[in-house]
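User: Hi! Could you walk me through this structure in plain words?

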Amino acid sequence: NSLPGNTQLALTNLNIDTAVIAGGESAVSNGVKDSIDEILVGMGGSDSERWWGASRYETAATVARNGIAAGWGTSAFVGLATGLNFPDALGGGAVCGSTGGVLLLTSGTSLSAEAGSFLSDYSGGILEIRVFGGTGVVTDAVMNAAAAEIQ
């Protein structure tokens, strides 16, 4: 609901003039977006884009698709993490980013429809799928369903 001072300072000090907000208004308020946009425009840039979906699973798939379309990554490496708790996704996101891949969110016991759709759509370019979290968090059934989507 508010843009922290350290974030404002970082945007200014790093001369950031473009940004993407990952999440809908319930995750990042329009007031925060407006504050970010003011800084971006002040740096000679333009308003931020918002990439979101109706759920966290759809948001993750949207970010993955749009990131690939922007040339920021590829579908060669796909990470899967539970959408019910953040630590595995946080660490997995860093791994995916460092490999030029993407991270999708799923339930722990069944592959989310959004992740399944992404995997099916990009199946020809996927070389590796990695699950972040143990089998107590994301079951083998999820990995099996993911593997079936890229056959």
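User: Thanks! Where do we start, and how do E3 and E5 run?
Analyst: Let's start with strand E3 (residues 77-82), which is joined to strand E5 (residues 128-132) by five bridges, and the two run parallel. Helices (H or I, at least four residues) and strands (E, at least two) are DSSP runs, numbered from the N terminus. Two strands pair if DSSP finds at least two bridges between them.

User: Before we go on, what kind of model is this?
Analyst: This is a predicted model: local features need pLDDT of at least 70, side-chain atom pairs count only at pLDDT 80 or more, and totals for chains, interfaces and linings use all residues. Residues are numbered from 1 along each chain as its sequence is written, and side-chain values use heavy atoms, with hydrogens and water left out.

User: Got it. Which residue in E5 stands opposite valine 78?
Analyst: Valine 78 has isoleucine 129 of E5 opposite it.

User: And how many bridges join E3 to E4?
Analyst: Five bridges link E3 to strand E4 (residues 102-106), and these strands run parallel. Glycine 79 has leucine 103 as its bridge partner in E4. Leucine 80 stands opposite leucine 104, and alanine 81 stands opposite leucine 105.

User: How does the chain get from E3 to E4?
Analyst: It crosses through helix H4 (residues 86-98), in a right-handed β-α-β crossover. Right-handed means that, with the strands pointing away from the viewer, the path from the first strand over the helix to the second runs clockwise.

User: So what is the order of the strands in the sheet?
Analyst: The three strands form an open sheet in the order E4-E3-E5, with parallel pairing. E4 and E5 are the edge strands, each pairing on one side only. On average, neighbouring strands of the sheet are turned by 25 degrees against each other, direction ignored. Axes here are lines fitted to C-alpha atoms, for helices over the stretch in contact, and angles run from 0 to 180 degrees between N-to-C directions.

User: Is E3 buried or exposed?
Analyst: Six of the six residues of E3 are buried, so this strand is largely enclosed by the rest of the structure. Buried means under 20% relative accessible area, exposed over 50%, and partly exposed in between (1.4 Å probe, protein chains only). Phe77, Gly79 and Ala81 are buried on one side of E3, and Val78, Leu80 and Thr82 on the other.

User: How many residues of E4 are buried?
Analyst: Five of its five residues are buried. Val102, Leu104 and Thr106 point one way from E4, while Leu103 and Leu105 point the other way.

User: Switching to helices: which residues of H5 are buried?
Analyst: In helix H5 (residues 113-121), the buried ones are Ala115, Gly116, Phe118 and Leu119. Seen down the axis of H5, they fall within an arc of 160 degrees, so they line one face of the helix. That arc is taken from the directions from the helix axis to the C-beta atoms. On the other side of H5, Ala113 and Asp121 are exposed.

User: How many residues are in the largest nonpolar core?
Analyst: It has 16 residues, and Val78, Leu80, Phe118 and Ile129 are among those with the most contacts inside it. A nonpolar core is a set of buried Ala, Val, Leu, Ile, Met, Phe, Trp, Tyr and Cys residues joined through side-chain atoms within 4.5 Å. H3, E3, E4, H5 and H6 each give two or more residues to this core.

User: Last one: is glycine 42 buried or exposed?
Analyst: Glycine 42, in helix H2 (residues 30-42), counts as exposed at 65% relative accessibility.
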